[in-house]
Amino acid sequence: MRPSETTNRLVSVIVPVYNIETLVGACVRSLLQQTYRELEILLVDDGSTDESTRICEEFAASDPRVKVLRKRNGGLSDARNHGIERACGSLLTCVDGDDLVASDYIENLLRPFEDSSVDVSTIGFIRVLEGYEPPVTIRPTTVKHRVLDTTDALEKLFLQQGITTSAWGKLYRRELFDGIRYPIGSIHEDLPVTFRLFAKADAVAVVDATGYYYVQRETSITGRADFTRRLEAIEFAEQAVDLVDPDSRLGTAAKVRVLMECAYLVTQVPSVAKLRALDPIVAQTVKRYRRDAVRSSVVPQAQRTTALASYGGLPTVWVLMRARLIASVWRTRSRSK
């Protein structure tokens with residue numbers, strides 16, 4: 001039986017840092033304001049060439065809970081792995097160095113571990129613009145959470161029903177990472193790791209609160225990633241289909257996630273005219289999985305609408321997904337005013 005007592009348990013916070021001198025200070029301050037104090041804050045300096053290193057070292061000099069781990073630049077995955085391998089806590093959480101957390105972030109994620117079956121807890125997030133200041137909670141309020149078994153947790157993860165595949169916004173038992181590391185050099189490294197961690201978990205708790213603030217810089221809020229590299233996300237999502245029974249309800253959810261990764265890739269293409277530059281495998285993959293999304297009663301309406309739009313071709317998907325992106329940008333800007 002694993003221990004269920006949460007009092008005085010050391011929580012390791014892994015924070016990759018690379019050339020974010022204007023943002024890392026706010027991130028670390030939000031961690032130092034946590035209502036739960038038993039923390040080890042590992043600032044993994046991934047070969048920064050700006051003032052990030054100096055800022056991190058100043059925090060370490062002023063608070064013994066902060067440690068700076070310096071390494072050669074290897075990317076986000078390499079930095080997270082470096083922190084995981086050097087963490088001393090029995091529980092781990094990842095926070096990107098340019099994001100923020102609520103002051104009761106750790107407290108609320110930790111509480112579900114009073115149930116000894118829980119291996120992962122996850123909390124809600126919102127997108128905000130640079131300069132946003134999260135409210136400081138003097139005394140954490142009691143928030144509800146629900147505990148899901150492995151199958152239900154994976155289904156909600158695949159269908160994006162209140163659970164993201166991001167590394168951040170979650171608290172993990174350290175032993176879950178035995179034999180699992182983030183793939184180095186990938187830009188969608190969270191996806192294959194998160195579903196494997198969930199698959200190993202006996203239970204996952206979903207905390208009914210917002211605790212993580214994903215900082216979107218105004219200069220890049222409508223920016224686009226290199227869509228040719230997003231093909232890797234489709235490959236990662238298809239690994240999930242191979243992990244489960246493809247003919248089961250969970251298999252359907254995994255297939256829908258592949259479909260949505262294709263849709264997100266389409267969104268990254270700058271114009272309809274350039275859709276033909278996509279690898280033909282994208283259209284083929286959409287055709288292979290869209291029927292499952294349309295026919296299943298458990299698929300959320302947004303995903304089903306995307307699947308239906310695909311029957312009109314990738315240009316129709318592009319228009320739909322771009323409209324959703326614009327709406328998301330508007331909400332982010334409104335929230336940050």
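I take axes as lines fitted to C-alpha atoms, for helices over the stretch in contact, with angles running from 0 to 180 degrees between N-to-C directions. Helices (H or I, at least four residues) are DSSP runs, numbered from the N terminus.

**Model.** I am working on a predicted model, where local features need pLDDT of at least 70, side-chain atom pairs count only at pLDDT 80 or more, and totals for chains, interfaces and linings use all residues. Residues are numbered from 1 along each chain as its sequence is written, and side-chain values use heavy atoms, without hydrogens and water. I looked up the confidence (pLDDT, the predictor's score for each residue, from 0 to 100): the chain average is 91, and 93% of the residues score at least 70. Residues 220-224 have a pLDDT below 50, and this stretch has 10 contacts (heavy atoms within 4.5 Å) beyond near neighbours in sequence.

**Helices 8 and 9.** I found that the axes of helix 8 (residues 249-268) and helix 9 come within 8 Å and cross at roughly 140 degrees. Helix 8 is therefore oblique to helix 9; I count angles under 35 degrees as roughly parallel, over 145 as roughly antiparallel, 65 to 115 as roughly perpendicular and the rest as oblique. The crossing is left-handed, a term for a near helix turned anticlockwise from the far one by less than a right angle, clockwise being right-handed. On the helix 8 side I listed residues including Val-256, Leu-259 and Cys-262, which meet a set in helix 9 with Val-286 and Tyr-289 among them. By class, this contact has 9 nonpolar, 2 polar and 3 charged residues; Ala, Val, Leu, Ile, Met, Phe, Trp, Tyr, Cys and Pro count as nonpolar, Asp, Glu, Lys and Arg as charged, and the others, Gly among them, as polar.

**Helices 7 and 8.** I found axes that come within 8 Å and cross at roughly 175 degrees for helix 7 and helix 8. That makes the two roughly antiparallel. Among the residues in contact are Ala-233, Ala-237 and Ala-240 of helix 7 and Ala-254, Val-258 and Leu-265 of helix 8. I noted 10 nonpolar, no polar and 4 charged residues here.

**Helices 7 and 9.** For helix 7 (residues 231-243) and helix 9 (residues 280-295), I found axes within 12 Å and a crossing of roughly 30 degrees. The pair is therefore roughly parallel. Helix 7 also passes helix 9 in a left-handed crossing. Leu-231, Ile-234, Glu-238 and Val-241 in helix 7 face contacts from Ile-281, Val-282, Thr-285, Arg-288 and Tyr-289 in helix 9.

**Cysteines.** I looked for disulfides (a pair of cysteine sulfur atoms within 2.5 Å) and found 0. Cys-88 has its nearest cysteine sulfur, in Cys-94, 15 Å away. The sulfur of Cys-94 is too far for a bond, because the closest cysteine sulfur, in Cys-27, is 12 Å from it.
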